[in-house]
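Open the model in your viewer and keep the selection tool at hand. This short tour goes from one stop to the next.

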Amino acid sequence: MPEKTGIYICKPLTMDNWKDLEDLFGPHGADGGCWCMFFRLVYKDFHENRGLRNKELFKEVVGRGQPVGLLAYYDDKAVGWIAIAPRNEYPRLDRSRNYKAIDAVPVWSITCFYTDRDYRRKGVTRFLIENAIRIAGENGVGVVEAYPVDPRGKVQDATAYTGLLQVFLDIGFSEVARRS
C-alpha cells in the first residue's frame, strides 16, 4: 500500500513499477550506468557491467521480490529513489574499510539516493528516509544504517548519492562510527 505524506507518495520498487524507475534514472541509469548495483557487486564486476548489464542485473534482483528500495512520487511521476535492503545484500560494504560492520546486529542499509533534478532540495530525501525506516520496521528490522557524506561546504549532487549527514541527524539517526 502506498504511503502518502504531504505532497509525495511512496511505493516499494517492484516489477509492477520498474518502468517508473527506468524513467527516473533515464537511459544511462542515474549515475552513468550504475543502476543501483555499486554496493551489490565487487569493483571489477561493477565496472565491467556498467550500463545495460547493470540494469539487467538490478532488474533480476527486483524480480526476486525482496525489498530493494522505494520510489517517491509526485502526482504519478517518480521523482526520487532510495535503496534500502538487508545489509547482506550489499557485499561491497564488508569489503570496504569505511563501511565494514561494527557488530553482528542484523541491519538494513540505506546505500544510495537519486532525485529528479527538478525535485532536489524539496524534502524528497527526508521523505524517503522516513519511509525507509517505516518499511524496515514493518519487516521486523530494529536498526537501519546509512553512510552519508559530511560536506565541508557545497557538495556536488553526484558525490552526495549516499545522502547528507545533517538530514540523517535531523531525523534522529546517531553517528556510530566515522572511518574516513
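A crossing of two helices is right-handed if the near helix is turned clockwise from the far one by less than a right angle, and left-handed if anticlockwise. Keep in mind that this model is predicted.

**Stop one: two helices.** Select residues 18–25, helix H1, and residues 52–63, helix H4. Their axes come within 12 Å and cross at roughly 145°. The crossing of H1 and H4 is right-handed. Now show the side chains in contact: Trp18, Leu21 and Glu22 from H1, with Lys55, Phe58, Lys59 and Val62 from H4. By class, this contact has 4 nonpolar and 3 charged residues, and no polar ones.

**Stop two: the largest nonpolar core.** This core has 27 residues. Which of them touch the most other members? Select Leu13, Trp18, Leu21, Phe58, Val68, Leu71 and Trp81. H1, H4, strand E3 (69–74) and strand E4 (77–86) each supply at least two residues of the core. Another core, of 22 residues, lies apart from it; Trp108, Ile110, Phe113 and Ala136 are among its members.

**Stop three: Leu13.** Centre on Leu13 and look beyond its neighbours within four places in sequence. Its contacts include Trp18, Leu21, Phe58, Val62 and Trp81.

**Stop four: strand E5.** Select residues 108–115. Why is E5 largely enclosed by the rest of the structure? Because 7 of its 8 residues are buried. E4 and E5 run antiparallel, joined by 7 bridges. Pick Gly80 and find its bridge partner in E5, Thr115. Then select strand E6, residues 144–146, which pairs with E5 in the parallel sense over 3 bridges. Finish at Ser109, whose bridge partner in E6 is Glu145.

Conventions. Residues are numbered from 1 along each chain as its sequence is written. This is a predicted model: local features need pLDDT of at least 70, side-chain atom pairs count only at pLDDT 80 or more; totals for chains, interfaces and linings use all residues. Side-chain values use heavy atoms; hydrogens and water are left out. Axes are lines fitted to C-alpha atoms, for helices over the stretch in contact, and angles run from 0 to 180 degrees between N-to-C directions. Helices (H or I, at least four residues) and strands (E, at least two) are DSSP runs, numbered from the N terminus. Contact means heavy atoms within 4.5 Å. Ala, Val, Leu, Ile, Met, Phe, Trp, Tyr, Cys and Pro count as nonpolar, Asp, Glu, Lys and Arg as charged, and the others, Gly among them, as polar. A nonpolar core is a set of buried Ala, Val, Leu, Ile, Met, Phe, Trp, Tyr and Cys residues joined through side-chain atoms within 4.5 Å. Buried means under 20% relative accessible area, exposed over 50%, partly exposed in between (1.4 Å probe, protein chains only). Two strands pair if DSSP finds at least two bridges between them.
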